[in-house]
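This report covers salt bridges, helix packing and model confidence for the entry shown below.

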Amino acid sequence: MPALNVEFSDRELEDLRQIAKERGTSMKALVREAAAADIARHRALQEGAEAFRRFFATHADEFAAAFPDDEPPVKGEGQDA
């Protein structure tokens, strides 16, 4: 399995040691779990954003009608001829 060297400040390293000790795990496992949790969170946010984009695209006309002041001006609209 590929590895990654990560540098921490002395304070961060001490905090990691303390947390790992409190949880009864290794520092390596603690950091790996934290990274895995952040990856899962990132993926969930991406999926949620994509679901919102699809929903918004499907209901764009309804949003435009409900929030007309938030619609961008149509090219040429509001200009004096």
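In this predicted model, Asp-38 and Arg-41 are joined through their side chains by a salt bridge, at 3.8 Å from N to O. A salt bridge here is a side-chain nitrogen of Lys or Arg within 4 Å of a carboxyl oxygen of Asp or Glu. Both residues belong to helix α2 and sit three residues apart, about one turn of the helix. Asp-38 is partly exposed, at a relative accessible area of 44%, and Arg-41 is exposed, at 51%. Buried means under 20% relative accessible area, exposed over 50%, and partly exposed in between, with a 1.4 Å probe and protein chains only.

The whole structure has five salt bridges. The table lists three of them, including the one above.

| Salt bridge | N to O distance | Helix and spacing |
|---|---|---|
| Asp-15 with Arg-11 | 3.3 Å | α1, four residues apart |
| Asp-38 with Arg-41 | 3.8 Å | α2, three residues apart |
| Glu-50 with Arg-53 | 3.3 Å | α2, three residues apart |

Glu-50 is partly exposed at 32%, and Arg-53 is partly exposed at 47%. Through salt bridges with shared partners, Glu-50, Arg-53 and Arg-54 form one network.

Helix α1 covers residues 10–23 and helix α2 residues 27–58; the two pack at an angle of about 95 degrees, with axes 9 Å apart. α1 is therefore roughly perpendicular to α2, a label for angles of 65 to 115 degrees; under 35 counts as roughly parallel, over 145 as roughly antiparallel and the rest as oblique. Axes are lines fitted to C-alpha atoms, for helices over the stretch in contact, and angles run from 0 to 180 degrees between N-to-C directions. Helices are DSSP runs (H or I, at least four residues), numbered from the N terminus.

On the α1 side, Leu-13, Leu-16, Arg-17, Ile-19, Ala-20 and Arg-23 meet Met-27, Leu-30 and Val-31 of α2. Contact means heavy atoms within 4.5 Å.

The average pLDDT of the protein is 93, and 94% of the residues score at least 70; pLDDT is the predictor's confidence in each residue, from 0 to 100. Helix α3 (residues 60–66) has the lowest confidence, at a mean of 93, and α1 the highest, at 98.

Residues are numbered from 1 along each chain as its sequence is written, and side-chain values use heavy atoms, leaving out hydrogens and water. As this is a predicted model, local features need pLDDT of at least 70 and side-chain atom pairs count only at pLDDT 80 or more, while totals for chains, interfaces and linings use all residues.
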